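Good morning, colleagues. Please take a moment with the sequence and the model on the screen, and then I shall take you through the arrangement of the chain.

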Amino acid sequence: MASRRGTGRCTSVLLTAVLVTGVLTGCEPLADAASAPSCEGTESRADELKSYGVLDARPQGTIVPKGFEKLDAGCWEDSGEAWLHADRTYVFPGDKADVTWYYKAAAEREGWQPSRATQKSLKEDRAANLCFTLGEKDGATILDVYFLTEAILEAEESETGPEFDSGAAYRVSVTSTADGSATSCSD
């Protein structure tokens, strides 16, 4: 019996310390964290993202690098928010500007709206990462087309083959918040 009482006191002291630490550091209380959007039950919405045609569209001559053949889709929780994603990775043997203009046209055909930064880049007629929104006023879904750097691939711990040395590596990514709330490109 003495050990149970001692454990109870330790648990009580530990719980108090955790709650006080949360208050002092600005962390969410456990009750708030439990009500935050999560990835639970989002499989069908992730499947919806996979259906966007722009994910499979690609300029002629584009290759799918080894190890990236499958459409990557799912959900991740970051900073208290859950995000759904569907991604394709490609390598284009030509100029990055050709990739930019190809996806501008492909996105517009599907009704995507370019962000202000994307509009500016396109006016300057240069190769650029692109961001479009689709849906509600600020966009419930985002389309990103961005060029991959060595740093991005290393951070992802991706294994890259010789295909990545043959041209411009890029990713086409469709994302949305798990709860469907509006979001926008960061301009």
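I begin with a definition: rings of Phe, Tyr and Trp (its six-membered ring) pair if their centres lie within 6.5 Å, and planes under 30 degrees apart count as stacked, over 60 as edge-to-face and the rest as tilted. Under that definition, Y90, Y102, Y103, F147 and Y170 form one aromatic cluster.

Some words on the source. This is a predicted model, in which local features need pLDDT of at least 70 and side-chain atom pairs count only at pLDDT 80 or more, whereas totals for chains, interfaces and linings use all residues. Residues are numbered from 1 along each chain as its sequence is written, and side-chain values use heavy atoms, with hydrogens and water left out.

Let me turn to the fold. The protein chain contains 6 helices and 6 strands; these are DSSP runs numbered from the N terminus, helices being H or I of at least four residues and strands E of at least two. Their order from the N terminus is α-α-α-β-β-α-β-α-β-β-α-β.

Two strands pair if DSSP finds at least two bridges between them.

Now to strand β6. It is joined to β2 by 10 bridges, and it pairs with β5 over 7 bridges, both in the antiparallel sense.

Is β6 covered or open to solvent? Of its 10 residues, 10 are buried, where buried means under 20% relative accessible area, exposed over 50% and partly exposed in between, with a 1.4 Å probe and protein chains only. In general, side chains in a regular strand alternate between the two faces of the sheet. In β6 both faces are covered, with A168, Y170, V172, V174 and S176 on one side and A169, R171, S173, T175 and T177 on the other. For the protein chain as a whole, buried residues make up 35% of the 187 residues.

This brings us back to the aromatic residues. The structure holds 6 aromatic pairs. In one of them, the rings of Y90 and Y170 have centres 5.6 Å apart and planes at 40 degrees, so the pair is tilted. Y90 lies in β2 and Y170 in β6, so this pair ties together parts 80 residues apart in sequence. Y90 also stands opposite Y170 in the strand pairing.

F147 counts as buried at 10% relative accessibility, and Y170 is buried at 0%.
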